[in-house]
Amino acid sequence: MNNSVTVENKLVDLKAILPEKRILMGPGPSNVSARVLAASAMATIGHLDPAFLALMEEIKTGLRYAFQTKNTLTFPVSAPGSAGMETCFTNLVEKGDKVIVAHNGVFGKRMCENVERLGGELVEVAFAWGEAVEPAKVEQALTAHPDAKILAFVHAETSTGVLSDAAALCALAAKHDCLSLVDTVTSLGGVPVNVDAWGADAVYSGTQKCLSSMPGISPVSFSSKAAAVIKARKTPVASWFLDLSLVMNYWEAGAGGARVYHHTAPVNAMYGLYESLRSLQEEGLTAAHARHAHMHIGLTAGLKALGLTLPVAAQIRLPQLNVVSIPEGIKDTDIRRYLLKNFNLEIGAGLGPYAGKTWRIGLMGNSATRENVTLCLAALGDALNTHGFKCDTGKALSAALTALKYSETNE
Ligand SMILES: *Cc1c(COP(=O)(O)O)cnc(C)c1O
């Protein structure tokens, strides 16, 4: 008997599988620029090559700018945002530690799961979908649980498109002698993330949202206070791969400047991250935030003119992630399929209780452009009209362009 595996289907050229292009206006990934793609196509070198070690230092410098921090312990985890989350929790939480998680959507609930799986004592402070994490209610929990070690929350909740007040929440944590652990996956690069000014102790992010690099890497940063807590752990970190005491032998030079192999870094994806950080530096954080805010103003003006409603209150809306209610009688998948097929345009579906009821339109990083705002409104108008929801696409475009002009001249 022949046990060899024969070719059942000959693998075809990638071009036969992948579309030539997509305009990515969902919850991530966002469009990766030609310069970042080109950077990632440079020759693969060894992860311990002196040239790569030099690049690692540059990436850490670029990340410190993006996070607005002087934290030495700032580096990219070689795995997606979810691994950044696990890095923070698994290194900081020991069995029996009390952790307050203030949550208002899918990603906050994932934090709860992390705490439970690590044997921590979870205290949930739950907020309704579409609401921000409210500092006053969090302070009640901090007062009721003076033994809590960590306060965790999501800065920009991608499932609902809501921004919470990270500065206020981190300050409360510090006031109650608690470490703050913040998800900045969707916020970094899109709205201000000021790790040092907030006094945040552990933050994680992702490369594929507003940094517009390829998916698969998670920048993290830890304050010296958090680093000291990790160093003083009584038990070893359960995850070998994410254990900072081991990872940092690779990301930081030890005694005598030596670095030790821990895992093989995704070298080419790191080239991409470097180039996206360089783009961010060139544009400047303030300009990048302003661009996201402007495009959001244009998009929302157009969406309203199409007759659509935005369930999140205006003052807590994320510019980079716009949640839109799906009109009565319109089927979510009909529209998203139509946009993909006819316009190469991807928008996001709703999650959890929002599934089938909302779309999530991303304006993240390179995807936050005037061209994308107008294309999205024109395409969505066409899709809705085709499927029986009558709307005036021309009016929507004109509303968006007027709003854009106004917001940009009133900077
Ligand atoms: C996307 C996202 C994550 C997870 O990142 P992955 O790279 O998909 O693992 C975590 N938190 C928030 C708020 C996100 O938007």
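In this predicted model, helix α13 (residues 370-386) and helix α14 (residues 393-409) have axes that come within 9 Å and cross at roughly 160 degrees. Because angles over 145 degrees count as roughly antiparallel, α13 is roughly antiparallel to α14. The handedness of the crossing of α13 and α14 is right-handed. On the α13 side, the contact is made by R370, V373, T374, L377, A378, G381, D382 and N385. On the α14 side, the contributing residues are T393, A396, L397, A400, L401, L404 and E408. By class, the residues of this contact of α13 with α14 comprise eight nonpolar, four polar and three charged.

Helix α13 has a further partner in helix α11 (residues 285-305), and these two pack at an angle of about 15 degrees with their axes 9 Å apart. Since angles under 35 degrees count as roughly parallel, α11 is roughly parallel to α13. The crossing in which α11 passes α13 is right-handed. From α11, the residues M295, G298, L299, G302 and L303 meet R370, V373, C376, L377 and L380 of α13. The contact of α11 with α13 has seven nonpolar, two polar and one charged residues.

A separate helix pair is formed by α2 (residues 50-67) and α10 (residues 267-283), which pack at an angle of about 40 degrees, their axes being 9 Å apart. Helices α2 and α10 are therefore oblique to each other. Their crossing is left-handed. Helix α2 brings F52, L55, E58, I59, G62, L63, Y65 and A66 to the contact, while α10 brings V267, M270, Y271, L273, Y274, L277, L280 and Q281. The contact of α2 with α10 divides into 13 nonpolar residues, two polar and one charged.

Attention now turns to the ligand. The residues around the ligand are P80, G81, S82, F107, V154, A156, T158, D183, V185, T186, Q208 and K209. For S82, an N or O atom of the side chain is 2.5 Å from an oxygen atom of the ligand. In the side chain of Q208, an N or O atom is 2.7 Å from an oxygen atom of the ligand. For T186, a polar side-chain atom lies 3.0 Å from an oxygen atom of the ligand.

The peptide bond that joins G28 and P29 is cis, with omega about 0 degrees. P29 is placed in the loop between β1 (23-25) and α1 (34-40). D177 lies in the loop between α6 (166-175) and β8 (179-183).

Methods: Residues numbered from 1 in each chain as written. Predicted model: local features only at pLDDT ≥ 70, side-chain atom pairs only at ≥ 80, totals over all residues. Heavy atoms only, no water. Axes fitted to C-alpha atoms, helices over the stretch in contact; angles between N-to-C directions. Helix = DSSP H or I, 4+ residues; strand = E, 2+ residues; numbered from the N terminus. Parallel < 35°, antiparallel > 145°, perpendicular 65-115°, else oblique. Left-handed = near helix turned anticlockwise from the far one by under 90°. Contact = heavy atoms within 4.5 Å. Nonpolar A, V, L, I, M, F, W, Y, C, P; charged D, E, K, R; others polar. Near = heavy atom within 4 Å. Polar contact = N/O pair within 3.5 Å; in protein donor to acceptor, adjacent residues only side chain to side chain.
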